[in-house]
Amino acid sequence: MTHEQQCPICSFKGIMKNIAVVGNSNLFLCPACLVEFLLPQITLDETRKMYNEYYKDFEINNSQISNLKKQTFLQYIRCLKKYKSGGNILDIGTCSGFLLEVAMNEGFNVFGIELSEYAGKIAENKFGSDKIHTGTIQTANFEKTYFDLITICDVLEHVQNPVETLKLACKLLKKDGYIMVVTPDYRSIVSYVVRATRQKYKFEHLYYFNIKTIEIICELAGLKVIDRKAVRKTATVNYILAYLKGYGMVPLNYIFALLNLIPFIKRIDFEMPSGSVMYILKKV
Ligand SMILES: [Zn+2]
């Protein structure tokens, strides 16, 4: 099925292929920049409610998952230390502040923005209510050009307007500051494997980016990509199994479910290709 649409990223207007039905929405593919986008998008309120539940059930109250996340974030912070060894850091979409805990241990002055009231309250209790804004970057009131570093990890694909989000982040950034974006690259080999076996799409994923679309978004926001690399994430078999269940991916689920029966294997932490890319951005 095809429809006339305007691409929310590169503004191309024309016939676009509807590549999947996701609940009451359709996933369209822009032939110009190859971004895939969901229309209509779920509302901000629906996203907030979804994350309140998700964080309670899955991430925050599970010490194994929080430890794995902190190991991944330690890699990210070490990458950023090549650019800035200290200063003010803002984490957009900070959840309960896993990345900020790691950054604080590494000597940074930490701040965060979190949409979910449930996770935002926990972050406020850890770092202070003056350091955490529960809401969005649109409603945050941080001082302009205050931050040396801004991190946006696994968030950009969930925001309604990625260009506006990066423009606002750019305003908060010092002239010589850096933004780190981590987001899935849907043209990567890992993504092709996931896509080939997946049975459903997540309605909270509003965009499916690739390297080219991220470059277009950055250019529109007044930023340039100065470095990028494929991200490896720390995981266990158990964690991957819980993650894959969200996609209903039957063939891979069976493989990981079998591995999960072996006590020795299921407890090992390992680094694995994630299909995500880390982009380091600077003001133009
Ligand atoms: Zn486009």
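Visitor: Is Cys79 buried or exposed?

Guide: Buried means under 20% relative accessible area, exposed over 50%, and partly exposed in between, with a 1.4 Å probe and protein chains only. Cys79 has a relative accessible area of 11%, so Cys79 is buried. Cys170 is also buried, at 11%. This is a predicted model, in which local features need pLDDT of at least 70 and side-chain atom pairs count only at pLDDT 80 or more, while totals for chains, interfaces and linings use all residues. Residues are numbered from 1 along each chain as its sequence is written, and side-chain values use heavy atoms, with hydrogens and water left out.

Visitor: How many disulfides are there?

Guide: A disulfide is a pair of cysteine sulfur atoms within 2.5 Å. The count here is zero. For Cys79, the closest cysteine sulfur is in Cys153, 11 Å away, which is too far for a bond. For Cys170, the closest one belongs to Cys218 at 9.6 Å, again too far.

Visitor: Which residues are the protein donors of the zinc ion?

Guide: Donors are N, O and S atoms within 2.8 Å of the metal (3.2 Å for Na, K and Ca); water is not among the atoms, so sites may look incomplete. The zinc ion has the SG atoms of Cys7, Cys10, Cys30 and Cys33 as protein donors, 2.3 Å from it. Their spacing in sequence is C-x2-C-x19-C-x2-C. Cys7 is buried at 2%, whereas Cys10 is partly exposed at 25%.

Visitor: What is the arrangement of the four donor atoms around the zinc ion?

Guide: Four donors count as tetrahedral if all angles lie between 85 and 135 degrees. The ideal tetrahedral angle is 109.5 degrees. Around the zinc ion the angles are 106 to 113°, so the arrangement is tetrahedral.

Methods:
Four donors count as tetrahedral if all angles lie between 85 and 135 degrees; four count as square planar and six as octahedral if opposite donors are over 155 degrees apart and all others between 65 and 115; anything else is irregular.
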